[in-house]
2 protein chains.
Amino acid sequence: MRILVTGADGFLGRGLVNALAARNNRADKITLTDLGRSETCPDFMDFKPGDLGDPSFLDELTQSGFDLVFHLASIPGSRAEQDQALGHRVNLMAPLSLADRLAAGNAGTRFVFASSIAVYGDLASRTVNPDTPCHPQLTYGAHKLMTEIMLSDMTRRGALSTISIRFPGIVARPQSESGHGSAFMSQLFHRIRANEPFECPVPAESTCWWMSRDAAVGTLLHAAGLAATEGCIIQPPALRATVAEVVEAAMRVAGRRPLVSYGRNDALQRIFGSMPHLDASQAFSRGFRADANVDTLAQAAFSGV
Amino acid sequence: MRILVTGADGFLGRGLVNALAARNNRADKITLTDLGRSETCPDFMDFKPGDLGDPSFLDELTQSGFDLVFHLASIPGSRAEQDQALGHRVNLMAPLSLADRLAAGNAGTRFVFASSIAVYGDLASRTVNPDTPCHPQLTYGAHKLMTEIMLSDMTRRGALSTISIRFPGIVARPQSESGHGSAFMSQLFHRIRANEPFECPVPAESTCWWMSRDAAVGTLLHAAGLAATEGCIIQPPALRATVAEVVEAAMRVAGRRPLVSYGRNDALQRIFGSMPHLDASQAFSRGFRADANVDTLAQAAFSGV
């Protein structure tokens, strides 16, 4: 199977590459791409550095064709909000152009797109289900939603076999990564593990949707194997818990109890800390799984730190 | 006021140009654009022929800046479905590029976008309201929806003052216009007025949403004057009636009773003839109005024929 992973040097990308490497299926011909690569590329994978916003690079990258593509490359929300031109190029035009070229080469290509719960915007208190209306409050979410719509349309007309996954904040992202408004959800693991005080910007009772990188990688791989006809946009199950519950679990698992204080950043709480109930029964019945509980979430989050 | 009308030679565009001409406000500097122009341009308007998909034409067109833009240019649904590249260029890239250039020139520009009820896709029997989920079943509807999302985001971040209007099929389009799946909704007026037999492709009891060109032009002009802060996507009220009811009204108004027979085109009925109730109370309270009844609809439809 000819596999392409874009954004292969990102947090989620590195997790996926590790899982593909562990599978060690030498029948797979795996191509990775990103602007550059910070980690060694496994010897049976091919790393092609380049900019997906550059049409000639896209032509070269897609020339040989693929059976399965994981499109993870993305500019994070806060950064895309500040640099609109960059966000437009990477978060909207790159996936549209990549999908278009893949469709021209092989309509059977399976295209797994890392979308985001940022498509919803303000959710108020209603349970989220597949009919929840989307009113994105960041250009990042608007671009993800536009891409989902185009990819669903390509599946409808048989141009490509696509599936879009609406990921919540994935933990624990490296401390070096910036541009994510949800960074506090990862920082808490870093600080607790290092036994350092943590100033959480949102109140203790803020309710977030959590997903470990292991669960996110499992979600991507599961999505790759589903039939295209079953629906093109997936809200995978996520673990819903307050920040305080996750802080407590992280302390239990780490065996450390540094000082944790809570702030009142209303904007952050509104976007990331006011998540309602999630009815992911449809995704669950199709085999998608969330982290089991806050303790396994914390264990998984620490394992990637 | 500096006003731009794109698609000015289309059915809706000609109606809007006539209304602007009748207003005869010489303080307005009105620019029209389309690929070409079949009707004489009023002497106090400036007609600039060109292709909105051509970046250099867009640069030239937007150079002087505008206070108000009506973006009506569009490839109809059936034609866009057959020519995906053309639909992509005109129905998606042109509005995005135009809006971007206008935003760069003057963030206060009012941008009125002619969207379509094609954004909804299959509606089943649930009443349509502002929270109705959108699952477009044509690339045309997907492109309209993507454009709405981008324009809403531009309003959110203060880049442009946008409003998107989800128009139903507008009647009676000229017989020469092709590419609209809803063509039968206009043909019935032409046939009845000419006292010619009409073979309607959908059953008599098919329920459609109807709007005359007069009502559509009134909707555009009303939208132009609304404050940007009040919501960026509008489902205007439309007249809901069966094909048989409109056929009867058209016969009454025309004073002719040609033979009308009904077919069973399931695809057409599903998309255009199974429209559920419409809860447009939000738009109504903001001053939007539908045609009053099937008789006034028929009168208005005949007046444009």
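Let's start where two parts of this protein meet: between domain 1 of chain A and domain 2 of chain A, the count is one salt bridge. A salt bridge here is a side-chain nitrogen of Lys or Arg within 4 Å of a carboxyl oxygen of Asp or Glu. The partners are the side chains of Arg270(A) and Asp122(A), at 3.0 Å from N to O.

Before going on, a word on the model: it is predicted, so local features need pLDDT of at least 70 and side-chain atom pairs pLDDT 80 or more, while totals for chains, interfaces and linings use all residues. Residues are numbered from 1 along each chain as its sequence is written, chains are lettered from A and ligands numbered from 1 in the order in which they are written, and side-chain values use heavy atoms, leaving out hydrogens and water.

Where do the two domains of chain A run? Domain 1 covers 2-169 + 210-234, and domain 2 covers 172-208 + 239-303; such bounds come from an automatic or database domain assignment. Their C-alpha centres lie 24 Å apart.

In chain A, 33 residues of domain 1 are in contact with 35 residues of domain 2, where contact means heavy atoms within 4.5 Å. The area buried between these domains is about 2,600 Å², and carbon and sulfur atoms give 62% of that. Buried area is the accessible area (1.4 Å probe) that two parts lose on being put together, summed over both.
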